[in-house]
Amino acid sequence: MSICARQQGGRRWHDVGRALSVRGSTVLVEKNNPNPVMAVVGHEFTHRMQELAPKEYRTFRNSVLEGEETLIRKKLDAYASQGVNLTYEEAMDEAAADLA
């Protein structure tokens, strides 16, 4: 994985939220992100929890996303605008990772 800084207003890649974008194994962090390491670690830690403790992860995901239908829909729309079609379940996973 490589991490690069970029100016705001540049072409978005696969936007994972929290001022991050991904293309392949490259993670781009916007230059003005106040805490880029925690943004990446928090997001990826959540995906790892999903693999290692799926039951506990679902409890976490359902808790942080309670009442966040709009956030999930925005995540679906953001990915779709970049040609990535997520399932509703995948959008929930990405939204929960963004909130970690």
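**Close-up views of a predicted model**

**View 1. Helix 3 packs against helix 4.** Helix 3 (residues 69-80) and helix 4 (residues 88-99) pack at an angle of about 110 degrees, their axes 9 Å apart. That angle makes helix 3 roughly perpendicular to helix 4. Helix 3 contributes Glu-69, Leu-71, Ile-72, Arg-73, Lys-75, Leu-76 and Tyr-79 to the contact. Helix 4 contributes Tyr-88, Ala-91, Met-92, Glu-94, Ala-95, Asp-98 and Leu-99. By class, the contact has nine nonpolar, no polar and five charged residues. The model is predicted.

**View 2. Glu-89 pairs with Arg-61 in a salt bridge.** The whole structure holds five salt bridges. In the one between Glu-89 and Arg-61, the closest N and O atoms are 2.8 Å apart. The pair links distant parts of the chain: Glu-89 sits in helix 4 and Arg-61 in helix 2 (residues 54-64), 28 residues apart. Glu-89 is partly exposed, at 42% relative accessibility. Arg-61 is buried, at 5%.

**View 3. Arg-61 also meets Asp-93 in a salt bridge.** Here the N to O distance is 2.9 Å. Arg-61 lies in helix 2 and Asp-93 in helix 4, so this pair ties together parts 32 residues apart in sequence. Asp-93 is buried, with a relative accessible area of 10%.

View 4. Glu-69 is partly exposed, with a relative accessible area of 37%. Arg-73 is partly exposed at 43% relative accessibility. Elsewhere, salt bridges that share partners join Arg-61, Glu-89 and Asp-93 into one network.

Note on methods
Residues are numbered from 1 along each chain as its sequence is written. This is a predicted model: local features need pLDDT of at least 70, side-chain atom pairs count only at pLDDT 80 or more; totals for chains, interfaces and linings use all residues. Side-chain values use heavy atoms; hydrogens and water are left out. Axes are lines fitted to C-alpha atoms, for helices over the stretch in contact, and angles run from 0 to 180 degrees between N-to-C directions. Helices (H or I, at least four residues) and strands (E, at least two) are DSSP runs, numbered from the N terminus. Angles under 35 degrees count as roughly parallel, over 145 as roughly antiparallel, 65 to 115 as roughly perpendicular and the rest as oblique. Contact means heavy atoms within 4.5 Å. Ala, Val, Leu, Ile, Met, Phe, Trp, Tyr, Cys and Pro count as nonpolar, Asp, Glu, Lys and Arg as charged, and the others, Gly among them, as polar. A salt bridge is a side-chain nitrogen of Lys or Arg within 4 Å of a carboxyl oxygen of Asp or Glu. Buried means under 20% relative accessible area, exposed over 50%, partly exposed in between (1.4 Å probe, protein chains only).
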